[in-house]
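Here is a short report on a protein model. Please look over the sequence and the structure before reading on.

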Amino acid sequence: MITKNAPRFTLADWLPKLVMAPTVVVTLVCMYGYMIWTGVLSLTNSRMLPSYDFVGLSQYERLFNNDRWLVALANLGLFGGLFIGICLCLGVILAIFLDQKIRNEGAIRTIYLYPMAISFIVTGTAWKWLLNPTNGLEKMMIDLGFEQFTFDWLVNPDKVVYCLVIAAVWQASGFIMALFLAGLRGVDGDLIKAAQLDGAGTFTTYRRIVLPSLKPVFFSALVILAHIAIKSFDLVAALTNGGPGYSSDLPANFMYAHTFTRSQIGLGSASAIVMLGCVLAILIPYLYSELRGQRHD
Amino acid sequence: MTNVSLSTRPQKSMVATSLRIALYTVLLSVAALYLLPFAIMLITSLKDVEEIRTGTLLSLPSTLDFSAWGKAWSSACTGSTCDGIAPFFTNSFQIVVPAVIISTVLGALNGYVLSMWKFRGSEIFFAALLIGCFIPFQVILLPMARTLGWLGIANTTSGLVFVHVVYGIAFTTLFFRNFYQAIPSELVKAARLDGAGFFTIFRRIILPLSTPIIVVTIIWQFTQIWNDFLFGVAFSGFDTQPVTVALNNLVNTSFGGKEYNVDMAAAIMAALPTLIVYVLAGKYFVRGLTAGAVKG
């Protein structure tokens, strides 16, 4: 099939590197270079335009004295915690339920997963309508006879973050279910049979054998969900726009507002670097354990 | 947790049957809950404003009124213009099609090099690229905005194509590299001994095996780029906005009363391209998600 082509053979030495070159350049410049650039800007007093008057860590000091940032961080903690926790629980339970030789499993799985194909902007728009206090869920419940029913979370500064959680769980939980389902299919069947021959009940089998063997899936799901939570920007933009006031801001929205609309590039850059720090704090232990795991194989 | 199928004792069959019914009830109720928001969007988009005001979320429209769809498509206001979301739909396609093609081609070539033509430092570079999949894009937004300005492609669809290619390569490379890693390297070694060159081997041996991973990558990239909002809002100009940005503007632009039916029609239209891809090729969609998620 393949014709002899002697001169090509010598090209083979540099051709692969040449092919990779654009990607290498782009990665080094547009990922790592820009990361450093943003880091440098976070040490300057840049406002509307980048300037290079270095002011040490004072932008970070301002950041952590900024009430809006502290609210955004607290929101991320609450939103992230609930979002991750609920998605993991729902995901593993639904996956176990769906793994019981269910008829039409494919169709049900398709339904659970479809929100993942949709943009967070669409999700936000839909839930903004569903949760709006005048015509949405509240009115429906009142018309159904629950006259005292109130549901004003979307306009209540103390509750608005839960609206973000509801929409985000709706979007991502099916995907986590799919991850766990794939994990369940990979559990060693002989191990389960052996446990049952030993007289272990269904519940015990799951608790002692199946769930522990899902640990790697669990960690991957955790990292993915944390990553989604930290990057969450579009959902807030569409569902609450950070409001009421700035009560539902997340760090990504803070960063965008300060860098692009409030002419506080230095402060915005500092917030971006803190976000990067959050991601790395999760990513590095994960990659470390992954790599260690591979070495054991 | 009821693994009924594992229970074999006959006296338990009554219990087993009722557990089975409970299981199906739970699974189907949850399915209904997942479907409900979309169903309500659809119902709402087919009502007129008066019916939305008087009825509830679930009350069905008395007549099927498609006027909200027409308005969302061609005359709803998105910020300062009132041409509906149609022009932005075109923008999204102008961004998505070239960005998907370029990033997939580059990803395939990179994956081929990183699995079959490893060189000194290539593994370290791959690790560096992998970390790039995870960085929050907030750390690159401002420098990228400056760069696009210097390159003279700020606020253009070409600028957005460039950005999506740059930050899509990490994923596409990962997909192809992991896929090609499973191809026996003897195949390539034998071809090299026969004197076949880099591109010949790629075209004759590797590419014919690549169909599944090409489909996965295209679907992944299409979904990611179509659904993007951050880059769209940060780097697009007024008339080059992608549909997600236009939808958000449409929903937040209100002259007089809020027209939820138009909002919902526009939202469904913005979601339709990726939903259609998902329904037609769900298998590949899921494979992309899990491949992107669980790193090899």
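**Chain A overall**

This is a predicted model. Chain A has 14 helices and zero strands. Read along the sequence, its pattern is therefore one α after another: α-α-α-α-α-α-α-α-α-α-α-α-α-α. The radius of gyration of chain A is 25 Å, whereas a compact globule of 297 residues would have one near 19 Å. Further values for chain A are set out below.

| Property of chain A | Value |
|---|---|
| Box filled by the C-alpha atoms, along the principal axes | roughly 85 × 70 × 40 Å |
| Buried share of the 297 residues | 43% |
| Share joining residues at least 24 apart, among contacts between residues at least 6 apart in sequence | 69% |

**The interface**

Chain B touches chain A through 80 residues, which are in contact with 89 residues of chain A. On the chain B side, helix 1 (residues 13-45) gives the largest share, eleven residues. That side of chain B divides into 55 nonpolar, 20 polar and five charged residues.

**The core**

The largest nonpolar core has 175 residues. Those with the most contacts inside it come from both chains: A:Leu164 and A:Leu225, together with B:Ile85, B:Leu247, B:Ala266 and B:Ala267. Helix 8 (residues 160-185) of chain A supplies the largest share of this core, 16 residues. In chain B, domain 1 (4-74) and domain 2 (86-293) both give residues to the core, so the core lies between them.

What is A:Leu164 in contact with, leaving aside its neighbours within four places in sequence? Its partners are A:Phe79, A:Leu235, A:Val236, A:Leu239, A:Thr240 and A:Ser248.

**Helix 10 of chain B**

Helix 10 of chain B covers residues 211-227. At 1.5 Å a residue, its 17 residues should span 24 Å. The end C-alpha atoms are 24 Å apart, which agrees.

Is this helix enclosed or open? Twelve of its 17 residues are buried, so helix 10 of chain B is largely enclosed by the rest of the structure. A residue is called buried here if 20 or more other C-beta atoms lie within 10 Å of its own. The buried residues of the helix include B:Ile213, B:Val216, B:Thr217 and B:Ile219. Also buried are B:Trp220, B:Gln221, B:Phe222, B:Thr223, B:Gln224, B:Ile225, B:Trp226 and B:Asn227.

How values were computed
Residues are numbered from 1 along each chain as its sequence is written. Chains are lettered from A and ligands numbered from 1 in the order in which they are written. This is a predicted model: local features need pLDDT of at least 70, side-chain atom pairs count only at pLDDT 80 or more; totals for chains, interfaces and linings use all residues. Helices (H or I, at least four residues) and strands (E, at least two) are DSSP runs, numbered from the N terminus. The radius of gyration is taken over C-alpha atoms; the globule rule is 2.2 Å times the number of residues to the power 0.38. Two residues are in contact if their C-beta atoms, placed from the backbone, lie within 7 Å. Ala, Val, Leu, Ile, Met, Phe, Trp, Tyr, Cys and Pro count as nonpolar, Asp, Glu, Lys and Arg as charged, and the others, Gly among them, as polar. A nonpolar core is a set of buried Ala, Val, Leu, Ile, Met, Phe, Trp, Tyr and Cys residues joined through C-beta atoms within 7 Å. Domain bounds come from an automatic or database domain assignment. The expected span of a helix is 1.5 Å times one less than its number of residues.
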